[in-house]
Amino acid sequence: MSALNCPVCNSAEVEISRVERDNGLGLESIRLVNVPFLECRRCGEGFEEFPAYRRLIRQAVELLCQLDARLNGQEIAFVRHALNRSQQELAGLLGVHTVTLSRWEIGHSEVPAPADRLLRALAFEHFGRKRPAELSTAPQHRRRQRPITLDVEQLHGETYTYETPHTFGGTNHAWVMSNDG
Ligand SMILES: [Zn+2]
């Protein structure tokens, strides 16, 4: 699918397989399928490839923001990272104290409905998407359907550039690539 060299030893002898990843974005609520897993035959290094990484993040955020239950702490932190906001910045936008936002993110208290709705609206605005009219009444993804399955292959593109290893929630340190800028 793509001509890639090993990022460690630069060998072109790279074998590609497809894997599934629960918690693939550091989120229990999202399961990734068709994630290309590349293994170097020379040095043995293995790494996951995320084509269209930014699009993947955007899609994950949009799916989360259509859940008919409030975002949990992990999801709030994920959305905040996707919006490139610090805790201080997002707390300011939501009109709450940083400590309050921090408590939501670590799961010590539940985000109140108005802040939950505002965060979703901010996310849709950030990605230039119209907020779904059904956001508050009939979301497409019900919490009981979790985890949401996201097919990485549908985001597949043709050219790749390397990005630095990315971390979300301190749990995911795969090699990350992107073809969407
Ligand atoms: Zn190698």
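Analyst: This is a predicted model. Four cysteines coordinate the zinc ion through their SG atoms: Cys6, Cys9, Cys40 and Cys43. Along the chain, the donors of the zinc ion follow the spacing C-x2-C-x30-C-x2-C.

Now the geometry. The 4 donor atoms subtend angles of 103 to 117 degrees around the zinc ion, so the arrangement is tetrahedral. The test for four donors is that all angles lie between 85 and 135 degrees. For reference, the ideal angle for four tetrahedral donors is 109.5 degrees.

Next, accessibility. Cys40 has a relative accessible area of 3%, so this residue is buried. The cut-off for buried is under 20%. Cys43 has a relative accessible area of 37% and is therefore partly exposed.

Then there is Arg42. This residue is found in the loop between strand 2 (30-40) and strand 3 (46-48). Its relative accessibility is 57%, so Arg42 counts as exposed. Leaving aside residues up to four places away in sequence, Arg42 touches Cys9, Ser11 and Glu13.

UniProt, in an unreviewed entry, lists residues 76-110 as "domain: HTH cro/C1-type". In the model, that span is 66% helix and 0% strand. The end C-alpha atoms of residues 76-110 lie 11 Å apart.

Conventions:
Residues numbered from 1 in each chain as written. Predicted model: local features only at pLDDT ≥ 70, side-chain atom pairs only at ≥ 80, totals over all residues. Heavy atoms only, no water. Donors = N, O, S within 2.8 Å, 3.2 Å for Na, K, Ca; no water. Tetrahedral: all angles 85-135°; square planar, octahedral: opposite > 155°, others 65-115°. Buried < 20%, exposed > 50% of the residue type's maximum accessible area, 1.4 Å probe, protein only. UniProt positions renumbered as here; feature names shortened; annotations may be inferred. Helix = DSSP H or I, 4+ residues; strand = E, 2+ residues; numbered from the N terminus. Contact = heavy atoms within 4.5 Å.
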